[in-house]
Amino acid sequence: MQYHHNGYVAHDPRIRDAEGTGADRVEELPDTMDVLIVGAGPAGIVQAAQLTEYPDVHTRIIERRPGRLAAGRADGLFPRSCETFQAFEFYDAIAQEASHMREMSFWGPHPERPAEIARGARAADPPSYVSEFPILTVNQARVIDYFAERAANGPAKINVNYGYEFLDLTVHDDGEYPVEVHLVDEHGAQRTVWTKYVTGCDGARSKVRDCIDVRLTSDSTTQAWAVIDILANTDFPDFRTRSGIQSDKDGSILLIPREGGFLTRFNVSLEDPTPSTRDRILATTADEAIERANRILNPYSVDVREVTWFSIYEVRHTVAQSFDDVAAKNDPDLNPRVFIAGDACHTHSAKAGQGMNVSIQDGWNLAWKLGQVLEGRSDESLLRTYNDERQDVAQKLIDYDKEWSSMMSRRPEEMESPQEIVDFFTDTANFPGGFDTKYTASPIIGTGARQELAQGFPVGMRFKSAPVSRVADTTTVQVGHHFRADGRWRLYAFADADGSAAAELASWLEESDESPVGLFTPENSDIDNVFDAKVIYQQSYQDVDLPHAPSLFLPKVGRLQVMDWEKVYAAIPDDDIFEARGIDRSGALVIVRPDMYVAHVLPLSARDKITEFFAQSMVREKVLTAV
């Protein structure tokens, strides 16, 4: 991480000075605010962690629980979430706590003794092509803790106000704070607060969703599962490897090793519920679930020493028909005021492990857009893109989960061979990894008409990192790992052979009033306040003349206006990013959004196209001088 640019920092650099609304923040929930986040689960807390980077935006987050979540709930974290943690600067810390996945084992009935299980196959988990990041498992509570720490330590100093339950809201037609929200505190006293925007991250039974009359499409319940977090002894050899276990007659287990080296989660299939059996199945005890698990594991057994968390859930696939209060109205003159995210938008089985992962991406997608609008960088119409982008992702999640759940629930005789499930797992690994999301053309996503210039950075998909050399200190780094969730757009200039086109682009970006840097950067702020521009040269670092690199890539920043040395990179001869990502040797500009999605690929010379793209969604800070 980078710090000291505002003067020497003697304390933990993750605790930054208060700015804007953070400078005079009070603990008590006020009567008015810009954004009210309802629910401090993954979808809500990531919004707080992002909006702390917009200190002029007054953000509050409430949670009906009296204090932090302690245990249970989701635990699987796929590579896209790990990329996100890296952007919020806590990946290394959470990865030290977590259990790391490397393989998944698939078990089924022994071919000669079907009453017993036998290992059928193993598969890389995730496959190597998916990401440089692993799959992690760690308690959802700890994920929330890390995001909450980021929110509290950031410039806006956002803390959770616990003990507030949401009752209802009304959106008025006018007023500075047009959304009227009714709450009740932990003592039963009712409160009314007023806000510009509400984000409902209040779970599958969302009251915020009910208030904006959003319909759900829902499948009837067809499966029920017990979830048990246990400390146990066992002779099952894959107890510390993620495993799908199918017995001949007693059902299935999805085994997930958890953080700390001793904790393990069992997802144990129960009988399929019917109207006459549902109450009995939902009353299954932990002891009954453990007994069933032991029947499935035969000839192995598990001796449970402690149950740390236990729950029963029914598999019900639901998707909200819109993710805000105006999407379903199809009125181009209306901009949304109320949003929903996470489980309020989509529910599904736990087998694919996607709930927390997709919820985090919902929250990040929405939060940076709220920040841009409320700080005056973008028009309110930007907020319409949240529903357009994330509703489609939710539907694809449900479709994938149905297929994966069906595959995991099949009896052995219903499959051609044990390899069938392994092939599905491997072939579809990009989806649970979080890397199949592709946003379509919009004011913040280009058409992809010049995709051939950087084939490995598909427009609309997340920016896939690759190793480069940082020229200043010759260190090999992942270029994507320098991305920070700070609300800035990234301009990655992949230089032409002699660097002249990249230099000309840099000069135009820095000096021209018609460039997006000139148009959309506030006066009297650092040149990289809105646009973080970096250059990657085709030559090795020994051949880059660093002092003569364009000043845009060596900007002077912070209170002391000291030079930033970490924006100039070079290709690694034996691991060339230009080759790995299919970048044309004539060079390319890759534009990346504040949530790490590739927004556009353009030639280095495409001056008008660059400005036109940003003008679709950004508000001008300067007026062009008439010619």
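Over which residues does pLDDT stay under 50? The structure is a predicted model, in which local features need pLDDT of at least 70 and side-chain atom pairs count only at pLDDT 80 or more, while totals for chains, interfaces and linings use all residues. Residues are numbered from 1 along each chain as its sequence is written, and side-chain values use heavy atoms, with hydrogens and water left out. The stretch in question is residues 622-627, pLDDT being the predictor's confidence in each residue, from 0 to 100. For these residues the model has seven contacts beyond four places in sequence, a contact meaning heavy atoms within 4.5 Å. For the protein, the mean pLDDT is 92, and 96% of the residues reach 70 or more.

The interior may be considered next. In soluble globular proteins, nonpolar side chains tend to be buried together. Here the largest nonpolar core has 141 residues; such a core is a set of buried Ala, Val, Leu, Ile, Met, Phe, Trp, Tyr and Cys residues joined through side-chain atoms within 4.5 Å. Buried means under 20% relative accessible area, exposed over 50%, and partly exposed in between (1.4 Å probe, protein chains only). Phe147, Trp489, Val568, Val590 and Phe614 have the most contacts inside this core. Its largest share, eight residues, is supplied by helix α8 (residues 355-374); helices (H or I, at least four residues) and strands (E, at least two) are DSSP runs, numbered from the N terminus. Leaving aside residues up to four places away in sequence, Phe614 touches Trp489, Leu491, Pro516, Phe520, Phe531 and Ile591. A second, separate core of 23 residues includes Ile228, Ile230, Phe266 and Ile296.

Helix α1 (residues 42-51) is largely enclosed by the rest of the structure, because 10 of its 10 residues are buried. Among the elements covering them are β1 (32-38), β2 (59-63), α4 (140-153), β8 (160-162), β11 (190-200) and α8.

Strand β13 (residues 223-234) is mostly covered, with nine of its 12 residues buried. Two strands pair if DSSP finds at least two bridges between them. Strand β13 runs antiparallel to β17 (residues 302-315), to which 12 bridges join it, and antiparallel to β16 (residues 263-269), through seven bridges.

Rings of Phe, Tyr and Trp (its six-membered ring) pair if their centres lie within 6.5 Å; planes under 30 degrees apart count as stacked, over 60 as edge-to-face and the rest as tilted. A search of the whole structure finds 25 aromatic pairs. One of them, Phe236 with Tyr300, is edge-to-face, at 5.6 Å centre to centre and 75 degrees between the planes. Phe236 lies in the loop between β13 and β14 (242-246) and Tyr300 in the loop between α7 (286-297) and β17, so this pair ties together parts 64 residues apart in sequence. Phe236 counts as buried because its relative accessibility is 4%, whereas Tyr300, at 22%, counts as partly exposed. The pair of Trp368 and Trp489 is likewise edge-to-face, because the ring centres are 5.9 Å apart and the planes stand at 90 degrees. Trp368 in helix α8 and Trp489 in strand β23 (residues 489-494) are 121 residues apart, and the pair links these distant parts of the chain. Both Trp368 and Trp489 are buried.
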